[in-house]
Structure formats: C-alpha cells, structure tokens
Amino acid sequence: MEEKIQELISEVEAFEASNKEQAEAFRLKYLSKKGIIAGLFAEMKNVQPDQRKEYGLIVNELKNKAENKFQVLSESLDASGGDASGPVKDLTLPAEPYETGARHPISIVRKQIVSIFSRIGYTVSEGPEIEDDWHNFTALNFPENHPARDMQDTFFIRQGATDKDAIALRTHTSSVQVRVMENSQPPIRTISPGRVYRNEAISARAHCFFHQVEGLYIDEGVSFADLKQTLLYFAKEMFGSDTKIRLRPSYFPFTEPSAEMDVTCSICKGKGCNVCKHTGWLEILGCGMVDPNVLDNCKIDSKKYSGFAFGMGIERIAMLRYDINDLRLFSENDIRFLKQFRGEIA
Ligand SMILES: [Zn+2]
C-alpha cells in the first residue's frame, strides 16, 4: 500500500499541465471529494491500528504535494494567460551549462603556418580543388605519359582522350602557384593552403585526401640560400627556437635542385626516440628551386627571375606537434579526439 502511495507522490511531482483543462483534470483526479486522496483517507479505517499513524502521514504528504502542485500550476497558467505551451518554467534556476567547441587541429595548424609566413610578407592564395591537367601536371613539368605522374595517382573527373584533356581532383596545391604565376609578375611571395587528393589506400599514415601548404617566392636573384634561411625561420617558429634543419637531395619534377627537409625531433631533441625512429630527425617538407621550364610555362622570364618553392602536409605537422599517431583521427569526427584541442589558440 505504502509503495503505491509513493508512486502516486512521484506521479504528482512529475505532473505538468500546459492549459487549465489539464490542471482541472489533475484536481478532479486527486483532490476532489471522489478523488484518489479522499479514497485513501476513507481506507484509513481498514488499516491495522498500529500502522495508522504512518499511513496517515504518508497520505497527508501526498495531499500536500497535490495541493501545492495544483496551486503552482494554476498560478503559472493565470500568469501566462491560461496556456503555457510547454512545461512550467522556473526562471530563477541557473542556466544550463553549454559546452564550448574547439577548432579542428588542421585549422589550428593551418592558421599557425599562415601566420608564420605572413610575418615575412607572404600572401595567401587559393584555387579550385577540381583542376585541369595543365595546372596540376603539365605546367609543372610533368610531361604527358611521363612516369613521374605515377607518384601522384589521383581521382579523375574526366579521363580525356589524351592526358591533357583530363579533369582531376588536384594532387597538390602547386596548381594554385601555377595560377598565381600565370596571372601576375614577380616579385611573387605567396603560400597556398588547401585540400588535396591522392588515390591511396587509407591507413594510419596515408589518406585519400589531406591538406597542404605550398609556398612560392620568385624575384630577381633568389638563391638556394634564401630558401634555406626561410625554412630555418619557419622551423624555429613552428617547433621552437632550438630546432635545427637539414636538407637531403630529392626529386620533384617542378624543382631543380630538389630537397627534403628534416627538423630535429622535438620529442627527444635529436637524441633519438621511437617517433624519429632513433635518427633524431623528422621529415617535414619537400622544397627546391623552381625549374626554369615551369617559369617559362607560366610566362615568367627564367633568364631574369629565379625562385624557390616548398610544400608540406598540414596533417604531418599537426601529428608531430600534438603527438597524434593516426592520420584517420582527423576525419573521423570523434568528439573525444576533437575536444582535446579546446585550449589551443591558433
Ligand atoms: Zn626523437
């Protein structure tokens, strides 16, 4: 019996009314002469004498709660013109806490890179993600049918009769640099951040889309020394002032000579650890002097001007900076991962 009355108490406490009819139905059900509470009081005579006191107390509690609830409902319905659409609101309650979001780590690192280069006079340029063959390959010294194209297998929107009719998702943001060179004359100093695509199997270290920042500087008398000093400045700003760099010879169709750049491992400070595979160095970008063929393709006089270019993956930098071990985390939208960047200021 007592259990049943406890249930009724919870029911009364949880009751909400959005209009006067519902409030009146509540009153009739519990508080009228033929209502539940009157019935419970009438039952009193059947209760064992030694339990009557306890029974009386609990029924009284139910009665008080019901009366109180009806009064509160009536007052709030009167105040709202008899029809509160929705539950009764207590405006004195503290507001519900809401969670602040976080920037995506890719956005944080992209902003940091842009900020570092903008301090030495680089502008930001953007271009389309769907590119023609000329801007993505041919202008950048990838000849038609040349095996160098296999380094960057991509997704074709239209596979033309020949390579040069093809339309594809861009494999790098170097295509933006071609557009900048075609539309302006040196001095050119620009970086191109953006999303790029490669036909790769998805794993912890590779994805079919990722983000790049490519940089380009063209002017009279630009030398490899300028390239090295610019990248040293970037490495110190990004990874700390005690960071060292080293350049290793490499190959890209659009630069000559070409190099890969390593920075000293920021975790072991060059002593050797798991992250740097005990070498003390981490590879972070590719670079080189712009091939004169590329300048000529873009109507820039290669006899008068020279320049350098570099390109890096934003995911790679973010993984090193935040010690992230799986590339897939960036695109899985796992809130537990994303929440960890709440305190980061870009
Ligand atoms: Zn290390």
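How are the donor residues of the zinc ion spaced in sequence? They follow the pattern C-x2-C-x4-C-x2-C. The model is predicted.

**Zinc site**
- The zinc ion has Cys265, Cys268, Cys273 and Cys276 as its protein donors, each through SG, at 2.3 Å.
- The site is tetrahedral, and the angles among the four donor atoms run from 105 to 116 degrees.
- For comparison, the ideal angle for four tetrahedral donors is 109.5 degrees.
- Cysteine 265 and cysteine 276 both sit in the loop between strand 8 (255–264) and strand 9 (281–290), eleven residues apart.
- Cysteine 265 and cysteine 276 are both buried.

**Largest cavity**
- The volume of the largest cavity is about 50 Å³.
- Its lining consists of Leu140, Ser174, Gln177, Met181, Leu216, Phe254, Thr255, Val290, Val294 and Ala309.
- Helix 7 (residues 174–183) gives the largest share of this lining, three residues.
- Seven of the lining residues are nonpolar and three are polar, with no charged residues.

**Second largest cavity**
- About 40 Å³ is the volume of the second largest cavity.
- Glu131, Asp132, Asp133, Asn136, Phe137, Phe156, Ala166, Ile167 and Ala168 form its lining.
- At least two lining residues come from each of strand 2 (130–132), helix 6 (133–136) and strand 4 (167–169).
- The lining of the second largest cavity comprises five nonpolar, one polar and three charged residues.

Terms used
Residues numbered from 1 in each chain as written. Predicted model: local features only at pLDDT ≥ 70, side-chain atom pairs only at ≥ 80, totals over all residues. Heavy atoms only, no water. Donors = N, O, S within 2.8 Å, 3.2 Å for Na, K, Ca; no water. Tetrahedral: all angles 85-135°; square planar, octahedral: opposite > 155°, others 65-115°. Helix = DSSP H or I, 4+ residues; strand = E, 2+ residues; numbered from the N terminus. Buried < 20%, exposed > 50% of the residue type's maximum accessible area, 1.4 Å probe, protein only. 1 Å grid on protein atoms, 1.4 Å probe; cavity = no way out; pocket = protein on both sides within 12 Å on 5 of 7 lines; lining within 4 Å. Points joined across faces, edges and corners; volume = space filled by probe spheres on them. Nonpolar A, V, L, I, M, F, W, Y, C, P; charged D, E, K, R; others polar.
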